[in-house]
Each structure stands twice: as structure tokens, then as C-alpha cells.
Amino acid sequence: MRKGLSEQTFQKLCALLASKGVRLKAYVMVKPDPSLSERDGIEEAVRTLRHVAATGARLGLAVCAHLNPTYVAKGSRLETEFRSKNYSPPRLWSIVEIILRLEGAGLPIQVGLDTEGLAVRGGTFRNCGLCDEAVRRALTKFSGTQDFSLLKNLSCLCRGRPI
Ligand SMILES: [Zn+2]
């Protein structure tokens, strides 16, 4: 994301928060760049979330995560990539997979599915169209309950289909 935050600085900041008893909320973007394939985007988010959980556990720091599937915002660099078919936002199934792989990590996860009206047409995370509503509803419910079973019982023909 080119935020200029080194791992060393991140660790220092986490230690400072831990010493003050302050909770860390980490915002994790899913597939934020055209260089990432769908699979890369999933793996990167899983690694990042595990890293946040492990850092919290090591430092005695309370951590939680906000998982943000990337959408294509109007006027962004991603819009250009999206229009030249170099980028598509992550699928909802990918978000489900990421969360399921974090089960047992002890990391509360909220999912941010709101584009605040900023996305270009067709530029949001989605599935086949038939199951989108059910999967979105389950993800929203999960955010409130942290109940993984809500995500395990979902199915659709599009689930295992490559994109
Ligand atoms: Zn579907």
C-alpha cells in the first residue's frame, strides 16, 4: 500500500499501545492492487491477519481487524486498471475463505462491505449474482457474532468455480 510504515515501526507502535493498554484495530485490504491475483489477495490477507493476531498474542496487546474487500473507486488508479480489464475486485467467496482460515486465531474480525457510494458500476466485490445477497448477509451477521458456522453453511454452484 506504500504507506511507508516499516515492520520495525509497526512493532514499536504495537509495543507502545500494549504498554498503555490500548487496543489495536488493524484495517486489512483484500486484493488492493492489480498485481495480485485472486489467490494472491487471499493469501496476503490471511498472512496479514495471522501476523496481527500473533503480534497481539506476543505483546499482550488486544487486537481486532477490519477486513476491507477492495472496490473500484471513481477516479482512482484502480478504475483505469478495471476498465482495461487488468483488475477485478475480490469475490465474496474469497472473503469467506479468508475468515474461515482465521478460525481459532482469536482475532475478532469485522467485514467492511460498504462502498459508501464511491464505487464505479460493476466495481464492487461480488459473486455470481444469485448468492450475493445471502453471502453478504452472512458476512454482516458474522461481523456481529463472530460465529464461523454462519459462513460454513453457505453454498452456491459458483463457489468453487475459477474466475
Ligand atoms: Zn453464486
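A nonpolar core is a set of buried Ala, Val, Leu, Ile, Met, Phe, Trp, Tyr and Cys residues joined through side-chain atoms within 4.5 Å. In this predicted model, local features need pLDDT of at least 70 and side-chain atom pairs count only at pLDDT 80 or more, while totals for chains, interfaces and linings use all residues. Residues are numbered from 1 along each chain as its sequence is written, and side-chain values use heavy atoms, with hydrogens and water left out.

**Nonpolar cores**

- The largest nonpolar core has 39 residues, and those with the most contacts inside it are Leu-49, Leu-67, Ile-99, Leu-107, Ile-109 and Leu-139.
- Two or more residues of this core come from each of helix H1 (7-20), strand S1 (24-30), helix H2 (38-59), strand S2 (63-69), helix H4 (92-100), strand S3 (109-111) and helix H5 (132-145); helices (H or I, at least four residues) and strands (E, at least two) are DSSP runs, numbered from the N terminus.
- A second, separate core of 5 residues includes Val-72, Leu-78, Tyr-87 and Val-120.
- Not counting residues up to four places away in sequence, the contacts (heavy atoms within 4.5 Å) of Leu-67 include Val-28, Leu-49, Ile-99 and Ile-109.

**Val-30**

- Val-30 is found in strand S1 and counts as buried because its relative accessible area is 1%, where buried means under 20%, exposed over 50% and partly exposed in between (1.4 Å probe, protein chains only).
- Beyond four places in sequence, Val-30 touches residues including Gly-41, Ala-45, Leu-67 and Pro-90.
- The C-alpha atoms of Val-30 and Pro-90 are separated by 6.9 Å, although these residues lie 60 residues apart along the chain.

**Zinc site**

- The SG atoms of Cys-128, Cys-131, Cys-156 and Cys-158 coordinate the zinc ion at 2.3 to 2.4 Å; donors are N, O and S atoms within 2.8 Å of the metal (3.2 Å for Na, K and Ca), and sites may look incomplete because water is not among the atoms.
- The site is tetrahedral, with angles of 102 to 114 degrees among its 4 donor atoms; four donors count as tetrahedral if all angles lie between 85 and 135 degrees.
- In sequence, the donor residues follow the spacing C-x2-C-x24-C-x1-C.
- Cys-131 is buried at 6% relative accessible area, whereas Cys-128 is partly exposed at 37%.

**Second largest pocket**

- The second largest pocket holds about 260 Å³ of space; a pocket is an open set of points on a 1 Å grid where a 1.4 Å probe fits, with protein on both sides within 12 Å along at least five of seven lines, and lining residues have an atom within 4 Å of a point.
- Of its 17 lining residues, Met-29, Pro-69, Thr-70, Tyr-71 and Ala-73 are the closest to the centre.
- S2 and helix H3 (77-83) are the elements that give two or more residues to this lining.

Conventions. Tetrahedral: all angles 85-135°; square planar, octahedral: opposite > 155°, others 65-115°. Points joined across faces, edges and corners; volume = space filled by probe spheres on them.
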